[in-house]
Amino acid sequence: MQSKNPLVADFVKLANSAAGTLAGMGREARDAARERAKETLGGMDFVSREEFDAVKMMASKAREEAEDLKARVAALEAKAK
């Protein structure tokens, strides 16, 4: 049922405009927060899983080589005495 009262019609238009404005403000706030989060996280130095696994493997190999070298040095020191 529509009202023929212009005051009510103006009030309805105002309410619809306010609802649209609030919805737009909500979208803008959400987009701004998302953009700030991207900027914050983008400035951090993250590595990919592949890079992490490669470095982990290199460290493991270096540890093994260090243990081997320790054993060789110990054997050479034992011979020298």
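Student: Is Asp31 buried or exposed, or does it fall in between?

Tutor: Buried means under 20% relative accessible area, exposed over 50%, and partly exposed in between, computed with a 1.4 Å probe and protein chains only. Asp31 has a relative accessible area of 40%, so it is partly exposed, and Arg34, at 46%, is partly exposed too. This is a predicted model, in which local features need pLDDT of at least 70 and side-chain atom pairs count only at pLDDT 80 or more, while totals for chains, interfaces and linings use all residues. Residues are numbered from 1 along each chain as its sequence is written, and side-chain values use heavy atoms, with hydrogens and water left out.

Student: With which residue does Asp31 form a salt bridge?

Tutor: A salt bridge is a side-chain nitrogen of Lys or Arg within 4 Å of a carboxyl oxygen of Asp or Glu. Asp31 pairs with Arg34, their closest N and O atoms being 3.9 Å apart; both lie in helix α1, three residues apart, about one turn of the helix. Helices here are DSSP runs (H or I, at least four residues), numbered from the N terminus.

Student: How many salt bridges are there by this rule?

Tutor: The count comes to three. In helix α2 (residues 49-80), Asp53 and Arg49 lie four residues apart and their side chains meet at 3.5 Å, N to O; Asp53 is partly exposed at 32%, whereas Arg49 is exposed at 55%. Glu67 and Lys70, three residues apart in helix α2, form a salt bridge with closest N and O atoms 3.8 Å apart.

Conventions
Helix = DSSP H or I, 4+ residues; strand = E, 2+ residues; numbered from the N terminus.
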